[in-house]
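Welcome! Please take a moment with the sequence and the 3D view below, and then we can walk through the fold together.

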Amino acid sequence: RLRVRHVFEVITAEEMAEAPVFVETFWNVVDGLSPEDTRRFLLFVTGTESPPEPGTEQLVIQLPFSAFSADEHAGLLRMLPQAHTCTNTLELPNYHQALLETGAVADEGSAAMKSELKRILEEKLRLAISETGGYELDGGLDPEDRAPVAQPPTRDLGAGQIDLPGSVGAVHEVDCGPRGGGAATAFAPAALPPGVVAGKEVGRVSMSAALEGLAQPALQPGFEPPVSAQVEVPRHGVDDLLSDL
């Protein structure tokens, strides 16, 4: 019978290793899984049902969830384990500490602690490994009961035009120019002067003015600002670049 802890090199979080009853109970639960549930456990943690060659893979067990108040520890008792298959990492809520902090179990080494830990680990782990087929975020909702997602209105765009999210009544015109330098990008602001159609040629303006929302000259069809208002990107040769290092 497959024993997961004998197949993997197990790396246990220090916080968990300091609670032997937690470690012992966890492995008793994992060792007691049926062959089918063991395959589900491997799929949950590693992404595959097939075990690796013994000693060739690590299995990392972490306790990453923090709790401070009694209510937060009670919340840990309701959480399910999580996993990251890319690193064979199993993330467990610290059920052991949560039982102590909530007062559900008074004595760490008592039979009551072992019994309650086993019950919680069996319940939560079996539920987690059986729900690996999807996110299940909306599992209890019928399609017609789910809130509709609002879609922004679509507009017909011409070549070289992009429609930026959040813009109202304006299509942003992009003129990249040749690689390596050249002119600024022209933007169509949300509030356009009379006679200027959104998405059409609006003239070239300062990139800094466009990005900072500064006052811009009135844009009219065919308007061309002075050469100084255009952004020029200097060209650098290889020798210039090397000299700057």
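## A charged network

Let's begin with one side chain: Arg40 is partly exposed, with a relative accessible area of 33%. In this report, buried means under 20% relative accessible area, exposed means over 50%, and partly exposed lies in between, using a 1.4 Å probe and protein chains only. Before going further, please note that this is a predicted model, in which local features need pLDDT of at least 70, side-chain atom pairs count only at pLDDT 80 or more, and totals for chains, interfaces and linings use all residues. Residues are numbered from 1 along each chain as its sequence is written, and side-chain values use heavy atoms, with hydrogens and water left out.

Arg40 has a charged partner in Glu36: their side chains meet in a salt bridge at 3.0 Å, N to O. A salt bridge here is a side-chain nitrogen of Lys or Arg within 4 Å of a carboxyl oxygen of Asp or Glu. Glu36 is also partly exposed, at 43% relative accessible area. Both residues sit in helix 4, 4 residues apart, which is about one turn of the helix. Helices (H or I, at least four residues) and strands (E, at least two) are DSSP runs, numbered from the N terminus.

Which residue forms a salt bridge with Asp37? That residue is Arg126, and the two side chains meet at 2.7 Å, N to O. Asp37 lies in helix 4 and Arg126 in helix 7, so this pair ties together parts that are 89 residues apart in sequence. Asp37 is buried, with a relative accessible area of 12%, whereas Arg126 is partly exposed at 34%. Not counting residues up to four places away in sequence, Asp37 touches Arg126 and Ile129, where contact means heavy atoms within 4.5 Å. Glu36, Asp37, Arg40 and Arg126 are linked in a network of salt bridges.

## Another pair

The count of salt bridges comes to 7. One of them joins the side chains of Lys124 and Glu123 at 3.5 Å, N to O. Lys124 is buried, with a relative accessible area of 11%, while Glu123 is partly exposed at 40%. As a general point, side chains of opposite charge can pair when their charged atoms come close.

## The overall picture

Now let's step back to the whole protein. It has 9 helices and 6 strands. Of its 245 residues, 30% count as buried. Among contacts between residues at least 6 apart in sequence, 60% join residues at least 24 apart.

The accessible surface comes to about 15,400 Å², and 54% of that belongs to carbon and sulfur atoms. Accessible areas come from the Shrake-Rupley method with a 1.4 Å probe, and for residues only the protein chains shown count as cover.

## The nonpolar core

A nonpolar core is a set of buried Ala, Val, Leu, Ile, Met, Phe, Trp, Tyr and Cys residues joined through side-chain atoms within 4.5 Å. The largest one here has 36 residues, and those with the most contacts inside it are Val4, Phe22, Phe26, Val30, Phe41 and Leu92. Elements giving two or more residues to this core include helix 1 (4-7), helix 3 (20-31), helix 4 (35-46) and strand 2 (58-62). Helix 7 gives the most, with 7 residues.

Leaving aside neighbours within four places in sequence, Phe22 is in contact with residues including Met16, Leu63, Leu92, Pro93, Leu117 and Leu121.

In what order do the strands of the open sheet run? The 4 strands follow the order 1-2-4-3, with mixed pairing. Strand 1 (9-12) and strand 3 are the edge strands, each pairing on one side only. Two strands pair if DSSP finds at least two bridges between them.

Strand 1 and strand 2 pair in the parallel sense over 4 bridges. For Ile11, the bridge partner in strand 2 is Val60.

One last stop is Asn88, in the loop between strand 3 (82-84) and strand 4 (89-91). Asn88 has a positive phi of about 55 degrees although it is not a glycine. Most residues other than glycine have a negative phi. Asn88 is also buried, with a relative accessible area of 8%.
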